[in-house]
Amino acid sequence: MTSLSLVENGRGARAPSPAGHMPDAYLAVERVTKSYRGVDVLSNLDLAVGQGEFVSLLGPSGCGKTTLLRLIAGLIGIDGGQVLLGGRELTRLPAHRRNVGVVFQNYAPFPHLSVFDNVAFGLRAQRAASETIRPTVERFLSLVQLSHLVDRSAKALSGGQQQRVAVARALAVKPGLLLLDEPFSALDRKLRESMQIDLRMLLRELGITAIFVTHDQDEALVMSDRIAVMNAGRIEQFADPATIYRRPATPFVLDFVGSSTRFPGKVVDAKEGEVVVETARGRFRAPANFITGASVFVAVRPENIRLAPPGEDDSGLELTLVERIFLGPRSVLQLAFTDGERLSIDVPARLAEPLAIGGPVPLAWAVSDTLALPVQ
Amino acid sequence: MSKATLDPHTAAVARPGHRGFKIDPTAALALPAVLYLVAAYAIPLAILLFAAFRTPEGLSLANFAGFFADAYNWQVTYNTLWSAGMSTLACLVIGYPTAVALARSRGVVQMALLVSLILPLSVGVVVKAFAWTIMLRTNGILNQALLGIGLIDAPLRLLFTPTGLVIGAVNVFLPFMILPIYSVLRLVDARLPEAAATLGAGPVYRFFHVLLPLTLPGIIAGVAFVFSLTVSMYVVPNLLMGEQFMTLPRLVARSYLYFRNEALGSTIAVILLVIAVAVVMGSQYLIRLTRHET
Amino acid sequence: MPNETVPTFSPTRRSILKAASGLAVLGTGIAGFPSIVRAQTKEMIIGCAGGHVGWMNETVVPLFEKKYDCKIALEGTRSSVNLEKMRQNRDKPYLSVVMMDDPVLIQAVGEGVIEKLTPAGVPNLSSLKPGTVHMDGMWANYQQPWCGIGFNTDSAKAVASWADLWDKNLQGKVIIPSLQNTEGVWPLIFAAALATGKPLAEAQYDIDAAFAKLKQLKPNILNIYTQMPASFNLLEQGEASMLAGAFSEFAIPREKAGAPVALAAPKEGVGAMPSGIARVKGGPQDELALAFINEMLGPQFQEAMITKTFALPTSTKAPPSDIVPADIPVFAPDWGNVAKNRQAWIERFDREIAA
């Protein structure tokens, strides 16, 4: 994992998948460009997804993730580049010829139809043999656990139920690809979490390739085989969740996924696989490849910080405890540098108790947990 | 339309019942309107109904029996319903796509479309109808246009024909079809046709299975609007048709103003009223039906 | 309009009078209102047709006001509306004189709202053409507008006979008036004469023959109008070739204005329209009213009015008009018969001709 090549950042299409197989790009988005009123929303974007993969597009609103999704679905036109699915070129096909299913953020069940007719809609539109419709609908309704509501009006269902209908409706036509546009964002947290797991299992069982748009990092981490972190119309990093979290390729990914403490500095020494960075808070070692003199950030995830003096192969700091906030199982410590700048970390409450306000607090973390990222 | 007038009414009636006839003081705000309607509408209506059912032998249906015993009156009734029906149909066929375009347009374009739709309402019906007597001539602009694009070989006779009447009526009443459909279309979630497309439904299937059923309340309202207006139109047929195409409203006017036959005039007026009420109630029923189904 | 603001001969009396007559159009019988008018000396309200206001104000009204030092207000509207006002204000009439079509005057006689004219009060009665004083002097005709066949001069040079309407080359080119309109009787009466060969005075009673003949006109009929201006416009544009029963006072000014139309007086005759004038029973300003009626029936006023109306004078003292050639009969039908039968004729017309 530590060997992730920084040169390939933002060109995630060629990153290995966690399953270990190099996908023959079941879905290939190649050099796709889209602009609105002269402003590029997507520029020269590539994305390759393997068959059966569950890929999340993660990014803040306005990063172009929904645009990319609608473009793949054929709901908006493409300005340049191409989209292929299973070797078939989709670029010029209208949405209804693409066999790409979509589950929308606002569910969008057909309000004038019953649950049954909603799920049967695509089958009927595609002129499926009439005797196959009922069994298919019933099968997918039972997969989303809605069999008991088959005759209900779709409009009369709760949000979660409506979204299940939307999922069943999209799956019933056996799409070659399923696109999900923040499908759970309007649900409350508990329901969202259970539906995330249900959906993930269902798709895996059916072997459906899916692209899932979200701005919620937890959701992306929970569900995805791989995550493409998007920013300003580009993919910053495309990798499995663990890599995204532990080895963010850019400061944007570092900030967007999880929290961290970071210090800007310059590389003062570089050898094979490790650099030494000089910062205002001291010198830190980090596993990375940079040339001497490069401007970098040094960062560390808070969970990797221990309340102890640094040992061998550790980096460390000593700060003054300003405030201690008790939260039950954990406590938040407000620490200050000598110049007054604050830094807060949370630790198990038990470890925080012996510390005296105003007293020194030693911090340490492993060199292997230290991140060094290029300043952009 | 009538939904808005019916619902608050029933709500206002239901409430005091629950509170033991304690009337909401804000109901007094409706008093001027109520007084106005009683004076300007309810009382004349009562007089009209009385006149229609009054015969020398007392109140009876004799006036109606007499009216329908005459085959000519059946012809007039048919003319009235035919011209209203055709005008309504033409308004629907022309108005629906227009409403879709209006709902999809944005910003300045939408503003321009709306203005071009509403501004002509400020032009009097008489002016419009008179303008059509010019446009519909054998050498009028409509015939020249049709000849020009090669749709016809010889000029059509349109003026003083039922076709000409429908053309003129559509011009006058089209906004009353477009606006209710547009207002419903605006509320239709744009994701629904998209969802249908991603399920493999082509444009025609999407239209008939998604857009059309979802906009049915607007269509029903528009049809009810235009039909009630065209079934009672007076000025347009008066100018675009001569005596050759008699309709019920013109017969009402003639009965009152010329024959001074109050019984006949009020009888026909009541028949028109029944048609209009049937259309409004029928449309209400249909709208409720579509709502229950969904 | 409060009473106290209307002193006699106040400088604003004319505007007040105008406003008051305007009010009367909206709603008649406002309590106290007629007495305001009666309080004025030398002011008089005359009911006439809306279309007459223009030429009246240009010709006879100034003549009369100057000669008698008084003010005249015209209440121009439909004859039937003026009749309704007289009926409503029977007890306190505010109109002094009414000018209406004969058929409406017959109704007015029936309602008892007009007063008989006598040669003692109206000397000019005795010098009128025969057939222009009606019902023993209940009203008289002050002019005879006439109706012939209006035609588009691009499609015909002249129209010699009423039979020309039936020309096979005129399919969909002929406009006729509705029987609801006063001039609607002309196609019917001339059709009767053509069908029976009888003189107009006799033929007018043979209504079955009239309908049978008119039925044959159906292929030629473009429109049967109730609103003449729009139809006349079609004649000017050439959409129609002939308009049977066109008014002199409407067609001739258009011809003089250069429109490609002319009014023909066919050899069988022209129809004399019944422009009657009558005195309102119990109306204010009785003397002034009689003076006005007398002047309207005299040669000076008639000569003045026909410069605008192109009608035929009814006074024998007026110089003969050359608008209608001397050898063409000017026919005034039995309006009593028309009035009596009109409703039945309209119903028959609806079913046999219009439908």
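This is a predicted model: local features need pLDDT of at least 70, side-chain atom pairs count only at pLDDT 80 or more; totals for chains, interfaces and linings use all residues.
View 1. Strand S16 (residues 330-336) of chain A pairs with S17(A) in the antiparallel sense over 7 bridges; strands are DSSP runs of E with at least two residues, helices are runs of H or I with at least four residues, and both are numbered from the N terminus. Two strands count as paired if DSSP finds at least two bridges between them. The open sheet comprises 4 strands in the order S17-S16-S15-S18 (chain A), with antiparallel pairing. Strand S17 (342-348) and strand S18 (360-366) of chain A are the edge strands, each pairing on one side only. On average, neighbouring strands of this sheet are turned by 45° against each other, direction ignored; axes are lines fitted to C-alpha atoms, for helices over the stretch in contact, and angles run from 0 to 180 degrees between N-to-C directions.

Local features are reported at pLDDT of at least 70 and side-chain atom pairs at pLDDT 80 or more, whereas totals for chains, interfaces and linings use all residues. Residues are numbered from 1 along each chain as its sequence is written, and chains are lettered from A and ligands numbered from 1 in the order in which they are written.

View 2. B:Leu136 is placed in the loop between helix H6 (125-135) and helix H7 (141-148) of chain B. Why does B:Leu136 count as buried? B:Leu136 is buried because 24 other C-beta atoms lie within 10 Å; the class requires 20 or more such atoms within 10 Å, exposed residues have 12 or fewer, partly exposed ones fall in between, and C-beta atoms are placed from the backbone. Not counting residues up to four places away in sequence, B:Leu136 touches B:Leu142, B:Leu158, B:Leu159, B:Gly164 and B:Ile167, a contact being two C-beta atoms, placed from the backbone, within 7 Å. The C-alpha atoms of B:Leu136 and B:Leu165 are separated by 9.7 Å, and these residues are 29 apart along the chain.

**View 3. The two domains of chain B.** The domain assignment of chain B gives domain 1 (22-60) and domain 2 (71-293), with bounds from an automatic or database domain assignment. The C-alpha centres of domain 1 and domain 2 of chain B lie 30 Å apart. Between them, 5 residues of domain 1 of chain B are in contact with 6 residues of domain 2 of chain B. Helix H2 (residues 31-53) of chain B gives the most to the domain 1 side, with 4 residues.

**View 4. The boundary between chains C and B.** Here 17 residues of chain C are in contact with 18 residues of chain B. Strand S9 (221-225), helix H10 (228-237) and helix H14 (335-354) of chain C each supply at least two residues of the chain C side. No contact joins chain A and chain C, whose closest C-alpha atoms lie 47 Å apart.

**View 5. C:Val97 in the largest nonpolar core.** The largest nonpolar core has 164 residues, and C:Val97, C:Val174, C:Met242 and C:Ile293 have the most contacts inside it; such a core is a set of buried Ala, Val, Leu, Ile, Met, Phe, Trp, Tyr and Cys residues joined through C-beta atoms within 7 Å. Helix H8 (residues 162-187) of chain B gives the most to this core, with 15 residues. Leaving aside neighbours within four places in sequence, the contacts of C:Val97 include C:Ile46, C:Ile277 and C:Phe292.
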